[in-house]
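Walk through this fold with the model open beside the text.

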Amino acid sequence: MSDSSAGAAAGDVVAAAASTAAASTAAGWRRAGVAGAAIGVLAAGAAAGVAVERLTVGRGMRKKARLALDATGPYGSLRGTPGRAIADDGTELYYEVDEVQPAQPEGGTGPGSGGNRRRRLFGRKAPAPVTVVFSHGYCLGQDSWHFQRAALRGLVRTVHWDQRSHGHSERGRAQADGVALGIDQLGRDLKAVIDAAVPEGRIVLVGHSMGGMTVMALADQYPDLIRDRVAAVAFVGTSSGRLGEVNFGLPVVGVRAVRRVLPGVLRALGTQAELVEKGRRATADLFAGLIKRYSFSSRDVDPAVARFAERLIESTPIDVVAEFYPAFTEHDKSGALPVFRDLPVLILAGEKDLVTPSSHSEAIADVLPDAELILVPDAGHLAMLEHPETVTDRLADLLVRAGAVAAANVGEHGSTAQQPGRR
């Protein structure tokens, strides 16, 4: 399908959704679900993949393949010490901490050793007392950092948290009371997590997409925290503003259709969450290719990784998708970026990201000229899952620049490339 026909088709889907979303009878649930699946991708622009795209057999077989991948895939299986922070509106925010494992003599093989791993990743000097706090993107969860968490596990203290209404965190209480969500609220949420999980010591902040915007909102509201305690910052596939201009890789006609009806469609879909969720499940195969397009760029992503990404977005209710979307069109934190000027900063983006295009990362780099800007070829929005080696290597280098480690030489720590013979 050409870009023009794809754009027109997307526009037709959105336009159709506008009339479908208002349906309240059981007869309309399937069409509402189709709209929900499409809008969940185009509006959220988060991530999903198709783990079974090469299977051309029936729907039942594809469902069995997905279940098999769900059962065998190791992604998202890492767990740490759980904790909960309380946001300023009372919302409980879930986080997990991976502590540094004590080094053992060379050759130690005990379950808590990690000695050889630390030397491989950081050289012979033990890591400085620093905590790396990972913030995930829209319609994702803390497990979207699986590969980076696996590589750093036990070597440096890390905190992984679920943004409000995502993962294991509570649904935003203010939003349940009708208060519109803004990126500033997410910045205050991150402050609550830091207060609870990292009350003292130096911090490295890492944010993907919405998570990067959350870090910017933190800096905007708490600049002294950045100056006093933050040792380095990494922005992955994110933006400081002007997201309303993103075209999602569509031609002009498709973009105009999406922008015209999207806000109203999302509001309508959000009021029929149960109806739409049924449709999303029933029509998952129909939108598999479209969903994957907004997640990855390379063709050889491991099907288990693609399915893992699909599960992440599947777990985000449509009313949460609708609730968060308006915040992105209003997001503008370019004025907060100078707070990071005196820090080591990594800015990384996929060259083929259709959700937060690499030009947005370049705009951040224009304000932070001393930052390291990495544009990853053949990478889409989920670079940390699609090219984990590149992202983890650059994060390790950032820790070196921050003075948290002595040297970095990352070894094998996972790949999303499809294995030979695997279909």
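Ser358 touches Ala349, Gly350, Glu351 and Leu375, leaving aside its neighbours within four places in sequence. Contact here means heavy atoms within 4.5 Å. Ser358 sits in helix α15 (residues 358-367). Helices (H or I, at least four residues) and strands (E, at least two) are DSSP runs, numbered from the N terminus. Is Ser358 buried or exposed? Ser358 is buried, with a relative accessible area of 14%. Buried means under 20% relative accessible area, exposed over 50%, and partly exposed in between (1.4 Å probe, protein chains only).

A word on the source. The model is predicted: local features need pLDDT of at least 70, side-chain atom pairs count only at pLDDT 80 or more, and totals for chains, interfaces and linings use all residues. Residues are numbered from 1 along each chain as its sequence is written, and side-chain values use heavy atoms, with hydrogens and water left out.

Now the sheet. It is open and has 8 strands, in the order β1-β2-β4-β3-β5-β6-β7-β8, with mixed pairing. Two strands pair if DSSP finds at least two bridges between them. At the edges are β1 (81-86) and β8 (372-376), each pairing on one side only. From one strand to the next, the twist averages 20°. Take the β1 edge. Its partner is β2 (residues 92-98); the two run antiparallel over 6 bridges. Within that pairing, Ala85 stands opposite Leu93 in β2.

Helix α17 (residues 388-401) lies across β3 (130-135), β5 (202-208), β6 (230-236), β7 (345-350) and β8. Against β7, helix α17 runs at about 170°. For such angles, axes are lines fitted to C-alpha atoms, for helices over the stretch in contact, and angles run from 0 to 180 degrees between N-to-C directions.

Which residues have the most contacts inside the largest nonpolar core? They are Val204, Val206 and Leu385, in a core of 36 residues. A nonpolar core is a set of buried Ala, Val, Leu, Ile, Met, Phe, Trp, Tyr and Cys residues joined through side-chain atoms within 4.5 Å. Helix α13 (residues 303-314) gives this core its largest share, 6 residues. Apart from this core lies another, of 35 residues, including Ala87, Ala192, Met216 and Ala365. Look again at Val206. Beyond four places in sequence, Val206 is in contact with Val132, Val133, Phe134, Ser135, Trp145, Ala234 and Leu395.

One joins Arg157 and Glu99 (3.0 Å, N to O). Arg157 is in strand β4 (residues 157-161) and Glu99 in the loop between β2 and α4 (115-122), 58 residues apart. Glu99 is partly exposed, at a relative accessible area of 43%.

Asp189 pairs with Arg164, their closest N and O atoms 2.6 Å apart. Both residues are buried. Asp189 belongs to helix α7 (residues 183-197), Arg164 to the loop between β4 and α6 (173-176).

Asp319 and Arg171 form another salt bridge (3.3 Å, N to O). Asp319 lies in helix α14 (residues 318-330) and Arg171 in the loop between β4 and α6, so the pair ties together parts 148 residues apart in sequence. Arg171 is partly exposed, with a relative accessible area of 33%. Elsewhere, shared partners join Arg79, Glu96, Asp98, Asp143, Arg149 and Arg153 into one network of salt bridges.

Notes
A salt bridge is a side-chain nitrogen of Lys or Arg within 4 Å of a carboxyl oxygen of Asp or Glu.
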